[in-house]
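Please keep the model open beside the text as you read.

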Amino acid sequence: NMEGDSLIDMAIKRKNGPGINKDHKCNLDKIIKFLTQIPAITELCEAVNGRDNEKVKDILAKEEVDINASDLEFTTPLIYAVRKESPSTVELLLSNEEIKLDVFDGRLNGSAIHTACEMNTDEGIECLKLLVSDKRCTPSLLNHVDLKKKLLFAELYTVKT
């Protein structure tokens, strides 16, 4: 704005301003939380992309980031870990109770499991095994059709075991 405030500053000022009802404050809280998540999720995704598991552990230990959030590329940390074919990072992320397997890429509509099905290396297949053996992997997720109209369950049969 003309006063040099950031988006977060503007949302906080608006929230604390006169005439704001309880519902509007709740919505502003959501906006503030979203805006503050951008740097945190970006840092987590960069650590995952760099296969820096120690940094990933440190970021998650702070409990300041939504592990299921997407970065500016509409991609989650778990999908990045699979793309990097890093079973140790996938395992680390899966150890977090908050992780969800049914979060989809914002552009391609594929989950981490869909992404793993496209990998043809031993590491990619290990990522897939970790994902499908996780207790949060459900039949509905395995039967989800992505935007390319591929049935995930059918893809699993084409992966080298």
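A residue is called buried when its relative accessible area is under 20%, exposed when it is over 50%, and partly exposed in between, using a 1.4 Å probe and protein chains only. Helices (H or I, at least four residues) and strands (E, at least two) are DSSP runs, numbered from the N terminus. The model is predicted, so local features need pLDDT of at least 70 and side-chain atom pairs count only at pLDDT 80 or more, while totals for chains, interfaces and linings use all residues. Residues are numbered from 1 along each chain as its sequence is written, and side-chain values use heavy atoms, leaving out hydrogens and water.

## Overall make-up

The protein has 9 helices and 0 strands, running α-α-α-α-α-α-α-α-α from the N terminus on. Of its 161 residues, 41% are buried. Contact here means heavy atoms within 4.5 Å. Among contacts with a separation of 6 or more, 63% are between residues 24 or more positions apart.

With 6 of its 8 residues buried, α5 is largely enclosed by the rest of the structure. The buried ones are Pro87, Thr89, Val90, Leu92, Leu93 and Leu94. Their cover includes α2 (22-49), α3, α4 and α7 (122-133).

How do the axes of α3 and α5 cross? Axes are lines fitted to C-alpha atoms, for helices over the stretch in contact, and angles run from 0 to 180 degrees between N-to-C directions. The axes of helix α3 (residues 53-61) and helix α5 (residues 87-94) come within 10 Å and cross at roughly 10°. That makes α3 roughly parallel to α5; angles under 35 degrees count as roughly parallel, over 145 as roughly antiparallel, 65 to 115 as roughly perpendicular and the rest as oblique.

On the α3 side, Asn53, Val56, Lys57 and Leu60 meet Ser88, Thr89, Leu92 and Leu93 of α5. By class, this contact of α3 with α5 has 4 nonpolar, 3 polar and 1 charged residues. For these classes, Ala, Val, Leu, Ile, Met, Phe, Trp, Tyr, Cys and Pro count as nonpolar, Asp, Glu, Lys and Arg as charged, and the others, Gly among them, as polar.

Ser86 sits in the loop between α4 and α5. At 4% relative accessibility, Ser86 counts as buried. Leaving aside residues up to four places away in sequence, Ser86 touches Arg51, Ala81 and Cys127.

## Pockets and a cavity

On a 1 Å grid over the protein atoms alone, a cavity is a set of points where a 1.4 Å probe fits but cannot get out, and a pocket is an open set with protein on both sides within 12 Å along at least five of seven lines; lining residues have an atom within 4 Å of a point. Grid points are joined across faces, edges and corners, and a volume is the space filled by probe spheres set on the points.

| Space | Volume |
|---|---|
| Largest pocket | about 290 Å³ |
| Second largest pocket | about 190 Å³ |
| Largest cavity | about 50 Å³ |

The lining of the largest pocket includes Leu60, Glu63, Asp66, Leu92 and Lys100. By class, that lining divides into 5 nonpolar, 3 polar and 4 charged residues.

Among the residues around the second largest pocket are Lys30, Phe34, Ile38, Asp66 and Leu72. Its lining has 5 nonpolar, 3 polar and 4 charged residues.

The structure holds 1 cavity of 30 Å³ or more. Residues lining the largest cavity include Ile67, Pro77, Leu78, Ile79, Lys100 and Ala112. Helix α4 (residues 77-83) gives the most to this lining, with 3 residues. By class, the cavity lining has 8 nonpolar, 2 polar and 1 charged residues.

## Individual residues

Most residues other than glycine have a negative phi. Glu63, although not a glycine, has a positive phi of about 55°. Glu63 belongs to the loop between α3 and α4 and is exposed, with a relative accessible area of 72%. Phe74 is not a glycine either, and has a positive phi of about 65°. Phe74 is located in the loop between α3 and α4 and is partly exposed, at a relative accessible area of 46%.

Finally, Ile31 lies in helix α2 and is partly exposed, with a relative accessible area of 41%. The C-alpha atoms of Ile31 and Ala11 are separated by 7.3 Å, with the two residues 20 residues apart along the chain.
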